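Please read the following walk through the structure with the sequence and the coordinates open beside it.

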Amino acid sequence: MSTLFLIQLLNGLQLGVLLFLLAAGLTLVFGIMDFVNLAHGSLYMLGAFVCASLTFFTGSFVWGVVFAIPIIAIIGYLFEVLIVRHLYESNHLDHVLATFGIILIADTLVQLSWGPEGIAIPLPDYLSGQVEILPDIIFPTFRLLIISSGLLIAAGLYWLITYTRLGMLIRAGASNRTMVSALGIDISTLFAGVFALGAVLAGVAGMLIAPITEATIGMGNDIIITAFVVIIVGGIGSMKGAFIAAILIGIIDTLGRSFLKDILEIFNESASAETAGPALSSMLIYIIMAIVLALRPQGLFPPKVR
Amino acid sequence: MSAQKKAANLDEYLKAPSLFGFGIGRIMTIVLMVLLFILPLIAWYMGNKFYLDFSSRIVCLAIAAVSLNLILGFGGMVSFGHAAFVGIGAYAVGIPSHHGYESAWLHFPLAMIAAAFFALVTGAISLRTKGVYFIMITMAFAQMAYYFFLSLEEYGGDDGMTLWSRSDFGFLNITDKLTFFLLSYALLALCIYLVFRIVNSRFGMVVRGCNSNEARMKSLGYNTYAYRLTAYVISGAMCGLAGALMANLQDFITADTMTWTRSGELMFMVILGGAGSVFGPIFGTGVFLLFEEILSAYTIYWHLPFGVLLILSVLFIKGGVNGLIQRAWKT
């Protein structure tokens, strides 16, 4: 039990880290540009597919990731310049509809280019093994890599936002966009850059998960909704909130899926636990979000100035 | 921004939305409603059952779009979870049928009551939030409903359930495709008339007032929360009705009708037609389904032009198809 619990805890941490990579981009774009980007999940999917192709082209997953990152950055930049930029002035409803259109386009384009089947990405031998992290606890190396690289990226983002000039501009932009542009900052370049950064983070999340789940069409559409749950629970625009909420949601979701049925059976030995368990565990994160919004409509860690 | 725009043409805004619109809009809506009635009849007369069913689909979904328009277009509440009400309405037909209760007089009221109840509970929580939080929390509730019905193994789970016989109205036999169409059309007309009466009533004026300036409505002494919640519940009940019809039309009920992409499609129908005009959603639903039908006949990649259309319509068409016609007439 405790071994399984620890392993599921690590799996939850891994999901949380991936959710953070997605939520970080979402919350940056939302906090600074006030833009609702449903199509963020499409960048996650594109990351996985581009990385798959490059892995086969270069023959190595690592080179695949290295070359895929700039490509996703360029896609994100073009996306901002061609479509998103023209929507900042419109309302959230228009954002939702336009990015919904982008999801349809991206899914179809991926189907046209890569076909309807999912693509499995082969891992090099040194990544596909398992390690014994504690006595009796064996965990796949690659999942450990996901967790550690995710945490590393989180630390990097923290450094970027807290200690660099770019981060200062991002924070300033989030609290008062007009003032930043009045001080002579080229706001449209800043926005495009932030958008590309968010795209890269989402793309990397896709690249990291693809060797485990395969790159499939529509893979972003489910996780993006969870990522939205994360940024709303954490407080829109807050990087700290996104991180804490992502880890929390990742762990709760994973643990709920593996243990909720057993817990229900303790209280209720009838067959209803059999069906209620999976239903309740799928709904768990939405229930959490509804509770958070009902009690604290601005999220757990709202940014200070708005 | 939009509030300022509205203030600029305050006269036009305060003018009660006429049932059939003004000028060209009036002619167009009458033509549309007549066409939507005549064409399926011609198709039926020619023995083409497909177009009769297709028209029934437009009519049923139009009811859902009209109900969404009541809160989205007039009330400014962007519900991203309206598909949940369609699904609840559908299961309110399927579940009693499964247990042998086939009376439509049970199914339809149950669909509306169940959807209204879901709207009351979720609305009471959702309406405490604003803006994008509202969009997301309505979506979250719809996802909950989706996973709930997905897990009901007895009622098909993720395979969906087949409706072996349609709801029994007694004197009306809706297994007949023509009768079904006429019933749906009559219900659509009723819903539109209802929405028209609601938005022009004192109640509707308050709900519309909350959309343009909630603080002002509050300071005028209105309990805006209660008004919005009531509108939300009415909209949910109406959408439940649409769901009950959809279940009967397709003879099949699946939780997939409740996914968030379906809610997005419903929203798009309303926006495409022109949110905040009484007949707009019917234009929208018609154009949406026609496009889907025509494009999917040509290519399996029809989502591509469809997405492009979606983006272009958001970027360039303000006020939807309805507004486009109105402006073309004015210039």
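Predicted model: local features only at pLDDT ≥ 70, side-chain atom pairs only at ≥ 80, totals over all residues.

Although E214(A) is not a glycine, its phi is positive, at about 80 degrees. With 15 other C-beta atoms within 10 Å, E214(A) is partly exposed, because a residue counts as exposed at 12 or fewer such neighbours and as buried at 20 or more.

D251(B), which is not a glycine either, has a positive phi of about 55 degrees, and its place is in the loop between helix 11 (224–250) and strand 2 (252–253) of chain B. D251(B) has 12 other C-beta atoms within 10 Å and is therefore exposed.

Turning to chain B as a whole, one finds 15 helices and 2 strands, and 49% of its 331 residues count as buried. Of the contacts in chain B between residues at least 6 apart in sequence, 78% join residues at least 24 apart.

One pair of helices in chain B can be followed in detail. The axes of helix 8 (residues 177–200) and helix 9 (residues 202–212) of chain B come within 4 Å and cross at roughly 75 degrees, so helix 8 of chain B is roughly perpendicular to helix 9 of chain B. Where the two meet, helix 8 of chain B contributes I198(B), V199(B) and N200(B), while helix 9 of chain B contributes F203(B), G204(B) and R208(B).

Terms used
Residues numbered from 1 in each chain as written. Chains lettered and ligands numbered in written order. Contact = placed C-beta atoms within 7 Å. Axes fitted to C-alpha atoms, helices over the stretch in contact; angles between N-to-C directions. Parallel < 35°, antiparallel > 145°, perpendicular 65-115°, else oblique.
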